[in-house]
Amino acid sequence: MFMIERISFHVAELGIGFLTAVGLTLVGAFVVQYMLRAVEVPKVLVKSGSITESIVRVCEHLHEKYYPPLFFYSGHSQTILSAVFRPKSKVDYQRELFSLSDGGTVALDWAFPPSDGAETTTDSPILVLLHGITGGSSESYITSLGSEALKLGWTVCAFNARGCSDSVVTSRK
């Protein structure tokens with residue numbers, strides 16, 4: 001009890017209210033927690049001696065600290081907020097089905113940049129998009145990124161796993 005009175009007395013000497021002091025303390029604690037838990041160098045796990053390892057080695061950003069958005073640094077908050085606030089995009093896909101050796105089927109949904117009457121070149125970049133565990137090419141994060149790539153003149157290929165994005169499950173696996 002004496003300690004609480006003493007803290008209140010010192011806060012009063014500073015000329016700020018007790019609630020302001022508590023608020024500043026909470027903000028300070030949040031910033032410390034952010035710096036200790038959220039800011040880090042990405043951990044990339046690749047097979048030793050693989051092509052992927054050589055690609056990761058030259059990607060400079062994968063070896064620098066990543067500073068996620070201050071109030072949205074958890075994957076959960078980023079997923080929820082991006083689903084709510086991301087503008088809806090429409091991508092017109094052409095579907096290509098592939099039969100696998102075990103009888104299964106996967107789908108590739110292709111989208112090509114608008115030609116505007118110009119001849120399409122085969123040397124434009126291709127962005128391959130992979131959905132989450134139960135998603136598909138129609139998910140907002142896929143269509144949003146795909147539409148931005150199309151604006152840059154890129155070709156987009158959205159991979160759809162077995163049974164995802166209206167593709168039929170044709171095997172037991």
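Helices are DSSP runs of H or I with at least four residues, numbered from the N terminus. In this predicted model, helix α3 covers residues 51–58, and R57 and E53 sit four residues apart within helix α3, which means about one helical turn separates them.

**Salt bridges**

- The structure contains six salt bridges, among them one between R57 and E53, where the closest N and O atoms are 3.8 Å apart.
- An α-helix has 3.6 residues a turn, so residues three or four places apart point the same way.
- R57 is exposed because its relative accessibility is 55%, whereas E53, at 24%, is partly exposed.
- Another salt bridge joins K90 to D92, with 3.3 Å between the closest N and O atoms.
- Both partners count as exposed: K90 has a relative accessibility of 70%, and D92 has 61%.
- D109 and R95 also meet through their side chains in a salt bridge, at 2.7 Å from N to O.
- D109 belongs to strand β2 and R95 to strand β1 (residues 94–99), so this pair ties together parts that are 14 residues apart in sequence.
- D109 is buried at 3% relative accessibility, while R95 is partly exposed at 36%.

**Helix α5**

- Helix α5 has twelve residues and spans 16 Å from its first C-alpha to its last, close to the 16 Å expected at 1.5 Å a residue.
- The buried residues of α5 are I142, T143, S144, G146, S147, A149 and L150.
- These buried residues pack against β2 (105–111), β3 (126–130) and β4 (155–160).
- S144 lies in α5, which runs over residues 140–151, and is buried because its relative accessibility of 16% is under 20%.
- Leaving aside residues up to four places away in sequence, S144 touches R86 and S89.

**Aromatic pair**

- There is one aromatic pair in the structure.
- The pair consists of W110 and F112 and is stacked, with 6.2 Å from centre to centre and 5° between the planes.
- F112 counts as partly exposed, at 42% relative accessibility.

**Nonpolar surface patch**

- F18, L19, V22 and L26 make a nonpolar surface patch of about 430 Å².
- V22 is in helix α2, residues 18–37.
- With a relative accessibility of 34%, V22 is classed as partly exposed.

Definitions and conventions. Residues numbered from 1 in each chain as written. Predicted model: local features only at pLDDT ≥ 70, side-chain atom pairs only at ≥ 80, totals over all residues. Heavy atoms only, no water. Patch = residues over 30% accessible without salt bridge, like charges linked within 9 Å, V, L, I, M, F, W, Y side chains within 5 Å. Areas by Shrake-Rupley, 256 points an atom, 1.4 Å probe, with all protein chains shown as cover. Salt bridge = Lys/Arg side-chain N within 4 Å of Asp/Glu carboxyl O. Helix = DSSP H or I, 4+ residues; strand = E, 2+ residues; numbered from the N terminus. Buried < 20%, exposed > 50% of the residue type's maximum accessible area, 1.4 Å probe, protein only. Phe/Tyr/Trp six-rings, centres within 6.5 Å; stacked < 30°, edge-to-face > 60°. Contact = heavy atoms within 4.5 Å. Expected span 1.5 Å × (residues − 1).
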